Every structure is written in C-alpha cells, then in structure tokens.
Amino acid sequence: MQRSDHRPGTLIPGGAVFPHRHLTGIHGLEPHEITFLLDEAEQWIEANRAPTTADKRLAGLTQINAFFENSTRTLLSFEIAGKRLGADVVNMHAAQSSVKKGETLIDTAMTLNAMRADVIVIRHMSSGAVRLIADKVDCPVLNAGDGRHEHPTQALLDALTIRRRLGGIANKRVVICGDLLHSRVARSNILALTALAAEVRVCAPSTLMPPEIERMGVTAFTDFDQAIAHADVVMMLRLQTERMSGGYVPSMREYHLRYGLTMERLERYAPDALVMHPGPMNRGVEIDSAVADHVERSAITEQVAMGVAVRMACLDVLTRRSRGVEGWA
C-alpha cells in the first residue's frame, strides 16, 4: 500500500502537514495533504469495526450538520462520524430552516456563527455557498457537497477505497462514467485522483460532457466500451434527473444500452476492474444489479464504510487547532 513520507501527526517545514482551516474542496490541496487525510482515516477503519469506539477526542465539541439539500447517506455518515468521536451532533434540515422563510445565506451563516459551533458541515444546492459561509464563521467548515462544485469527502473516501483494494493509486486507470455535467463527485474525484498520479478517463454522452473537461488532465470518451478498456477501476455515476431540464438522453433504455455497466460489458472490456458508485444507484440504468452486488468486483458497500472513517479523520484534523493539539495550535 502506498503511503506518503509525511506520517499522521508529523510536521513539515512551515507548520502542520494540513494547514487549512476549512475543507471546502479538493481544489487547492497538495498531493501530500490529500495523502495525509487518507493516512489519518486508516486508523478509524478497524476502530469502526470494533463493538465500541473508546476514543472520544471531540467530547465537549458541538458539530452542526447544516443540510440545505437532502442527502440521507451523507448526513448519516457525518452524524455517525461525529458521534463516534464523542461530539455533540446537531442536524439542521433545510425543511426546518429559516431559509424556507426567506432568510439569506449570509443571515444563516451569522446565525450559525452566533451559536458558537466548533465545526460545521454544510451541504447546499448552490455552487460556492459553502465557501461563502466559511468566510463568515469562526469555526472550521466541511463541504458535504455544494451544487455542481465539489464533494471533497466523497473523493477522499473513493481514493481510500482504491488505495486499499489496489495497493495504490498512482498509474491506475480510473474511468468515471455517467452524468459528468451535473456531478460534483466527478469533479472532486478528478482533482484528487489526478493529483495522486492516476490515469483518469471520463465517459458520457456529448450532452452530459462538460465543455473543456480535458483541461482537468483527463481523457474524454463518448464510447463507453473504448473508455473502460483495460481499466483498473470503473466508477459509475447516476443520471441526476432532478438537475436536468430538457432532453439530455433519448431514453433510459437507450442510455442503459450505450452507457450501462453490465456484467457482459465488464467481462469483455475490463475483466479485472474494481466497480464503484457513490450512490444512490439507479439499478438497471447506469449499473446492473449483478454488477453492483458482485461480492468480489464491487466496492460499493466498502465505499460507505470508508466514508465514515474519512469523515472522522477530517473532523479530527480540522478541530485540532481549536483543541490545542501540539503542533496545530
């Protein structure tokens, strides 16, 4: 398994190995900083498999999960991560917030800040909203997904899954296929995986291919079979129909025929590939159940487990300065 020379908790010249106050995206992180967060997550993987987690390093701290956009999986993962570290976790759902009554995002940020939280996890439907709130509050902010911008912890958990299953990330061929146009997961994964020296291919219909995506250091395909040829990892994305207005694909049947990951297609073009999906899945559209549920080939449930470990690591690292941890204050 590949590791950074910077071990968990060590320092580099100029300060802490992870000097950032917030985690609003993968963009702006150095490769060694990404690897550091992956290394930090390793300690929580086995701990999470134990009957109890004795380490309560965030005891006495308040974590607010402010979700202005629904996401059961991500919210639950952050809640479990915070509670396993001993934090007092408070969930704020969009349907219950004053934003529904016309409150501005700045007003919401000022309200959250006045509550003196120790760390805030934010999910929002607008790109850049998390950064705006982060600039207005006094505590660390974690981005749980904002618009089409980024979803950094998803990229980190995906990278951790690949590293553990394949022994490393550098030089691995990773194919990301699906609704690239609306996917913050794709953007964050491209940033993380290219930073860690993976060969990244992306595949989508031309209507769902972001313009000039190759500037991000990837190779773009519209032919799925060509894209996944000899792949080490095939990562499927769902069609985000809730973000679509108009005919991006002729039909779900046609999309499945051209871009659906079936066992036959996988065996023919990428027989050794690891299969991943950030969820939720549209079974029978972008991925068949036989592939998604395959015991050896699919890492989808493992991604969920890695998600809790990664989010525990991020919550720990971002609060070290306020907790007075040596080398971080």
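User: What makes N48 count as buried?

Analyst: The label buried is used for a relative accessible area under 20%, exposed for one over 50%, and partly exposed for what lies in between, with a 1.4 Å probe and protein chains only. N48 has a relative accessibility of 16%, and because this is under 20%, N48 counts as buried. The model is a predicted one, in which local features need pLDDT of at least 70 and side-chain atom pairs count only at pLDDT 80 or more, while totals for chains, interfaces and linings use all residues. Residues are numbered from 1 along each chain as its sequence is written, and side-chain values use heavy atoms, with hydrogens and water left out.

User: Where is N48 found, and what joins its side chain to that of R84?

Analyst: N48 is found in helix α1, residues 31–49, where a helix is a DSSP run of H or I with at least four residues, a strand is a run of E with at least two, and both are numbered from the N terminus. The side chains of N48 and R84 are joined by a polar contact of 3.3 Å. That term asks for a pair of N or O atoms within 3.5 Å, and within protein one atom must be able to donate a hydrogen and the other to accept it, while residues adjacent in sequence count only if both atoms are side-chain atoms.

User: How do you know that β3 and β4 pair?

Analyst: Two strands pair if DSSP finds at least two bridges between them, and β3 (residues 62–67) and β4 (residues 88–93) have six, in the parallel sense. Within this pairing, I64 stands opposite V90 in β4. The chain crosses from β3 through helix α2 (residues 72–84) to β4, and this β-α-β crossover is right-handed, a name given when, with the strands pointing away from the viewer, the path from the first strand over the helix to the second runs clockwise.

User: Which residues have a positive phi although they are not glycines, and are they buried or exposed?

Analyst: One of them is R116, with a phi of about 55 degrees, in the loop between α3 (105–114) and β5 (119–124). R116 counts as exposed because its relative accessibility is 69%, over the 50% limit. Another is A197, with a phi of about 75 degrees, in the loop between α6 and β8 (199–203). At 41%, A197 lies between the two limits and is therefore partly exposed.

User: What is known about the bond from G279 to P280?

Analyst: The peptide bond from G279 to P280 is cis, with omega near -10 degrees. P280 has its place in the loop between β11 (274–276) and α10 (289–292).
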